[in-house]
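Open the model in your viewer and follow the selections below in order. Each stop says what to select and what is there.

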Amino acid sequence: MNQYLLSIMKGQRSGFFAQLITFLLLPWSLFYGLGVFCHRHYYQLTGRYKAPKPLISIGNITVGGSGKTPLVIWLARNLQDKGYKSVILIRGYMPQAAIKSDEVDMLNEQLPYVPVLSGKDRITNILKTKSKMPVDVFIADDAFQHWPLLRDLNIVAIDAGNPFGNGHLLPAGILREPLSSLKRAHIFVLTKTNASNNIEGLSSRLKRINPKALIVESRYKNAGTVDVFGTEVLPVDFLKDKRVTGFCAIGDPLSFESELKNTGAIIAKQFTYMDHHVYTKDDLGHMFAFCRSHDIKVLVTTHKDAVKLHPFKDLFTGIHVVYIPIQLEITKGSDEFIQKVITVCRH
């Protein structure tokens, strides 16, 4: 039911029942919008915290996978290459049953030399860095709506394949704020542009809302295949023509399915769970049963999901579990993007 409702919110379903559900949820969207308005203006009236070093926010205006985390990784690596010491601030969303955040674990694996500080209170984490670690710039993940913090640069990731869902605020739609809030952005990064055939139309719409913001285009690049329980990087064509089962618990499962198809794999089935789902033995047993009954030897997942599987290593006897590491590739506006970021870092 959750996936069905999410597909309605994203505008991927039409028909009588989809319209009825949307209509019934619209009053709650009005209450939600009022709450957002009051929350924002409370901090505008009471004051917001200014970090001792430049603070760059990477966020979005929708719920679901817009590609923020790959963008954080891309930016941190580029700043590192140019000699800037960054610290990543992340809420570290963690379901009640989880011990650690999947996103934090993934960032630590991808960026071993960049400190990642997790927690709801980002101001406290900023204060912890004083005299303890060198910092040139803070990168705040998912902070476009984090009102206690003043930001020096607002970067907003927008899923080019499904930028605004059905156009409604939560819970009727996927918008966290009205589209007019995009006027606060300094840079728009269009992600998954290969999944859209109307980039020009989306760019024109964003320019009408915020003509001063830089618009950057990007897409995902398959970086090969990695063994979940080893360090071996398998050949790029490892999955080609293999019958596999996919599974994921991310905000945009369709993007994972698309990337899996691009490897040339033959997908027998894809198991999809809600974002940040904590896997259980029952979940894995269900997938194993399907693989055994269909003589499938390979399970494929995402890096974000892979970091949650290590406690179950002994259960995967006879099944090869791999993940597809996805890297962000800037296809348009890369030089202007990094120059704008460096200008902020130098202040």
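Select Thr225 first: with a relative accessibility of 1%, Thr225 counts as buried, where buried means under 20% relative accessible area, exposed over 50% and partly exposed in between, using a 1.4 Å probe and protein chains only. This is a predicted model, in which local features need pLDDT of at least 70 and side-chain atom pairs count only at pLDDT 80 or more, while totals for chains, interfaces and linings use all residues. Residues are numbered from 1 along each chain as its sequence is written, and side-chain values use heavy atoms, with hydrogens and water left out.

Thr225 lies in strand β8, residues 225-227. Helices (H or I, at least four residues) and strands (E, at least two) are DSSP runs numbered from the N terminus. Now show what surrounds Thr225. Leaving aside residues up to four places away in sequence, Thr225 touches Glu232, Val233, Leu234, Pro235, Val236, Phe238, Leu239, Val322, Tyr323 and Pro325; contact means heavy atoms within 4.5 Å.

**Helix α3 and its partners**

Next, select α3 (residues 68-81) and α10 (residues 334-345), whose axes come within 11 Å and cross at roughly 70°. Axes are lines fitted to C-alpha atoms, for helices over the stretch in contact, and angles run from 0 to 180 degrees between N-to-C directions. The two helices, α3 and α10, are therefore roughly perpendicular to each other. For these labels, angles under 35 degrees count as roughly parallel, over 145 as roughly antiparallel, 65 to 115 as roughly perpendicular and the rest as oblique. The crossing of α3 past α10 is right-handed; a crossing is right-handed if the near helix is turned clockwise from the far one by less than a right angle, and left-handed if anticlockwise.

Show side chains at this contact: α3 supplies Leu71, Trp74, Leu75, Asn78 and Leu79, and α10 supplies Ser334, Phe337, Ile338, Val341 and Cys345. Sorted by class, the contact of α3 with α10 has 8 nonpolar, 2 polar and no charged residues. Here Ala, Val, Leu, Ile, Met, Phe, Trp, Tyr, Cys and Pro count as nonpolar, Asp, Glu, Lys and Arg as charged, and the others, Gly among them, as polar.

The residues in the contact of α3 with α4 divide into 4 nonpolar, 2 polar and 2 charged.

**The nonpolar cores**

Which residues have the most contacts inside the largest nonpolar core? They are Ile56, Leu75, Ile88, Ile155, Phe337 and Val341, in a core of 35 residues. A nonpolar core is a set of buried Ala, Val, Leu, Ile, Met, Phe, Trp, Tyr and Cys residues joined through side-chain atoms within 4.5 Å. Helix α3 gives the most to this core, with 7 residues. Select Val341: not counting residues up to four places away in sequence, Val341 touches Ile56, Leu75, Leu79, Leu153 and Ile155. A second, separate core has 21 residues, including Val226, Phe290, Phe316 and Val321.

**Backbone stops**

Most residues other than glycine have a negative phi, and most peptide bonds are trans.

- Leu170 and Pro171: the peptide bond between them is cis, with omega near 0°, and Pro171 is in the loop between β5 (153-159) and β6 (187-191).
- Asp241: phi is positive, near 65°. Asp241 is in the loop between β9 (233-234) and β10 (243-248) and is exposed, with a relative accessible area of 55%.
- His276: phi is positive, near 70°. His276 lies in the loop between β11 (266-272) and α8 (281-293) and is buried, with a relative accessible area of 10%.

Finish with α1 (residues 2-9) and α2 (residues 16-46), which pack at an angle of about 80° with their axes 10 Å apart. That makes α1 roughly perpendicular to α2. Tyr4, Leu5 and Ile8 of α1 meet Phe17, Ala18, Ile21, Thr22 and Leu25 of α2.
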